[in-house]
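Reader: I would like to work through one model feature by feature. Please give the general idea each time, then the case at hand.

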Amino acid sequence: MIKAQIVLFLVIVLFLSGCKSADETKSVSIFNGKDFTGWEGDTLKTWQIVDGAITGGSLEETVPHNNFLCTTKTYSDFLLKLKFKLSGTEGFINTGVQFNSVRSKDPSYEMVGYQADLGDGYWASLYDESRRNKTLVAPDSAMVAGILKPGDWNDYQVKSDKGHIQIWLNGKQTVDYTEPDKSIPQSGVIGMQIHGGGKALVAYKDITIEEL
């Protein structure tokens, strides 16, 4: 009887291990740490690759206007994970992760869609870029101050599932939003932003996505 229980236990352990491995394979890297394969944008000046991370902006010159590095592939339902680091010396220091978005035609450097916002007053909030032009959900500032690592690497997660949007900063959920307007697109490209108006530098790395 004991031997049978041991065999059953081992079968369950192996089954659960197999399930975990299958689940892990759903998440794929969308940045190889070496070049801009799968991405498009101003890679001549605004966006660079430094030490295996995507960097955007400058600490020496004021960023003239918003700028985005975007995926060439579109996504709808997904869980996006990445690490970011934001620093700045003067002006408006801000960045964010654009999703379910499209590039604007006028001006061409802008984007239209949701943004998982980052920066003082906007940390880990949900903003509607170039559309409703407002913050849709803002987390408690005291809570954010307790988990944010200023000027260092932070973990960021964005989940979008059929209009249900969630954001996590360093493992703490900051946004849980369901889009009431059914006309708002729930698919599009993903874009990394550097905001105009400040001497700011952002870095992104370990970017993975799991399509749901």
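Author: Three strands, β4 (53-57), β6 (78-91) and β15 (198-211), each contribute at least two residues to the lining of the second largest pocket. This is a predicted model, in which local features need pLDDT of at least 70, side-chain atom pairs count only at pLDDT 80 or more, and totals for chains, interfaces and linings use all residues. Residues are numbered from 1 along each chain as its sequence is written, and side-chain values use heavy atoms, with hydrogens and water left out.

Reader: How many helices and strands does the protein have?

Author: Helices (H or I, at least four residues) and strands (E, at least two) are DSSP runs, numbered from the N terminus. Here there are two helices and 15 strands.

Reader: How is a pocket read, and which strand gives the most to the lining of the second largest pocket?

Author: Rolling a probe the size of a water molecule over the atoms shows where empty space is left. A pocket is an open set of points on a 1 Å grid over the protein atoms alone, where a 1.4 Å probe fits, with protein on both sides within 12 Å along at least five of seven lines; lining residues have an atom within 4 Å of a point. Strand β15 gives the most, with three residues. The lining includes Lys85, Trp153 and Leu201. The volume, the space filled by probe spheres set on the points, which are joined across faces, edges and corners, is about 170 Å³.

Reader: What classes of residue make up that lining?

Author: Ala, Val, Leu, Ile, Met, Phe, Trp, Tyr, Cys and Pro count as nonpolar, Asp, Glu, Lys and Arg as charged, and the others, Gly among them, as polar. This lining has six nonpolar, two polar and two charged residues. The largest pocket, of about 200 Å³, has a lining of two nonpolar, six polar and three charged residues.

Reader: Why is strand β9 largely enclosed by the rest of the structure?

Author: Buried means under 20% relative accessible area, exposed over 50%, partly exposed in between (1.4 Å probe, protein chains only). Strand β9 (residues 125-129) is largely enclosed because five of its five residues are buried. Ser125, Tyr127 and Glu129 point one way, and Leu126 and Asp128 the other.

Reader: Which strands pair with β9?

Author: Two strands pair if DSSP finds at least two bridges between them. Strand β8 (residues 111-119) runs antiparallel to β9, with five bridges; glycine 113 is bridged to glutamate 129. Strand β10 (residues 134-137) is also antiparallel to β9, with three bridges, and tyrosine 127 has threonine 135 as its bridge partner.
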